[in-house]
Amino acid sequence: MRIFNDMAGYVVDLTSLIWNYIKHRDLYPENAKLAVQPDVMANIIDDPSVCRYCDFYELNQLISHDGEGKPVPNHLAIKDVANKYYKAG
C-alpha cells in the first residue's frame, strides 16, 4: 500500500494502475472498478465487494482511445479523480 503526499505522485500512481488494467484486463474481475480508500489514499482495481469504505469509479471513464483506437489512460479524468482528494492551494 502506498500513501501519497502530493497530487503529482497520486496522478502517476493512478495512471500506472490504469495502464496495468489496460494491458492485463483479463486478470481483473468482470465487474472491476477503481476503488480509492481516502483515509490512506490507497488505490486498487477490483470487485467493489472487496473494499470497505472506498469510493468507486467506473474504469471506462478513466480510459480513452488514441488516434489508432487503442485504449489509453484518460489523463483529464484521472486528474479529476485526484482533484477530489488533493485540493489546489
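This is a predicted model: local features need pLDDT of at least 70, side-chain atom pairs count only at pLDDT 80 or more; totals for chains, interfaces and linings use all residues.
Residues are numbered from 1 along each chain as its sequence is written, and side-chain values use heavy atoms, with hydrogens and water left out.

**View 1. The open sheet comprises 3 strands in the order S2-S1-S3.** Strands (E, at least two residues) and helices (H or I, at least four residues) are DSSP runs, numbered from the N terminus. Two strands pair if DSSP finds at least two bridges between them, and the pairing here is antiparallel. Strand S2 (42-46) and strand S3 (55-57) are the edge strands, each pairing on one side only. From one strand to the next, the twist averages 25 degrees; axes are lines fitted to C-alpha atoms, for helices over the stretch in contact (heavy atoms within 4.5 Å), and angles run from 0 to 180 degrees between N-to-C directions.

**View 2. Strands S1 and S2 form a hairpin.** The two strands run antiparallel and are joined by 5 bridges. Lys 33 stands opposite Asp 46 in S2. Between the strands lie 4 residues, and Met 41 in the turn has a positive phi of about 55 degrees.

**View 3. Strand S1 (residues 33-37) is joined to S3 by 3 bridges.** These strands also run antiparallel. Ala 35 has Phe 56 in S3 as its bridge partner, and Leu 34 stands opposite Tyr 57 in S3.

**View 4. Helix H1 (residues 7-23) lies across S1 and S2.** The helix runs at about 15 degrees to S2.
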